[in-house]
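Colleague: I am new to this one. Could you show it to me and take a few questions?

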Amino acid sequence: MTTQETVDRALITGLAVFAASVGLLSVAGLLLLLLQLAAETAQAVAAAAPAGIGLTIALRRKGK
C-alpha cells in the first residue's frame, strides 16, 4: 500500500466519522427542541385550563 492510498483512506474515514457525528448531533438537537416544545405546550395548556373552566361556569350561570 502506498502512502497516497493510506492518506486517502484516512481522509475518507475522517470524513465519514465527521458526517456521522454531525448527523447524530443534528438529530439530538432536533429531539431536544421537540421535547422543549412539548413541555412549553403542556405548560400553556395547564395555564389555560383554569381560565377555560371559569369561562364555562360563567357562561352556564349566565344562561340560567
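Modeller: Helices here are DSSP runs (H or I) of at least four residues, numbered from the N terminus. Keep in mind that the model is predicted.

Colleague: In which helix is the place of Val-27?
Modeller: The protein chain has one helix and zero strands. Val-27 has its place in helix H1.

Colleague: Is Val-27 buried, partly exposed or exposed?
Modeller: Buried means under 20% relative accessible area, and exposed means over 50%. Val-27 has 48% relative accessibility, so Val-27 counts as partly exposed.

Colleague: Which residues form a nonpolar patch on the surface, and with how much accessible area together?
Modeller: Val-27 is one of them.

Colleague: From which residue's backbone oxygen does a polar side-chain atom of Ser-21 lie 2.8 Å?
Modeller: Ser-21 sits in helix H1, which covers residues 3–63. Ser-21 counts as partly exposed because its relative accessibility is 33%. The backbone oxygen 2.8 Å from its side chain belongs to Phe-18.

Technical notes:
Residues are numbered from 1 along each chain as its sequence is written. This is a predicted model: local features need pLDDT of at least 70, side-chain atom pairs count only at pLDDT 80 or more; totals for chains, interfaces and linings use all residues. Side-chain values use heavy atoms; hydrogens and water are left out. Helices (H or I, at least four residues) and strands (E, at least two) are DSSP runs, numbered from the N terminus. Buried means under 20% relative accessible area, exposed over 50%, partly exposed in between (1.4 Å probe, protein chains only). A polar contact is a pair of N or O atoms within 3.5 Å; within protein, one must be able to donate a hydrogen and the other to accept it, and residues adjacent in sequence count only if both atoms are side-chain atoms. Patches are made of residues with over 30% relative accessible area and no salt bridge: like charges are joined within 9 Å, nonpolar side chains (Val, Leu, Ile, Met, Phe, Trp, Tyr) within 5 Å. Accessible areas come from the Shrake-Rupley method with a 1.4 Å probe; for residues, only the protein chains shown count as cover. A salt bridge is a side-chain nitrogen of Lys or Arg within 4 Å of a carboxyl oxygen of Asp or Glu.
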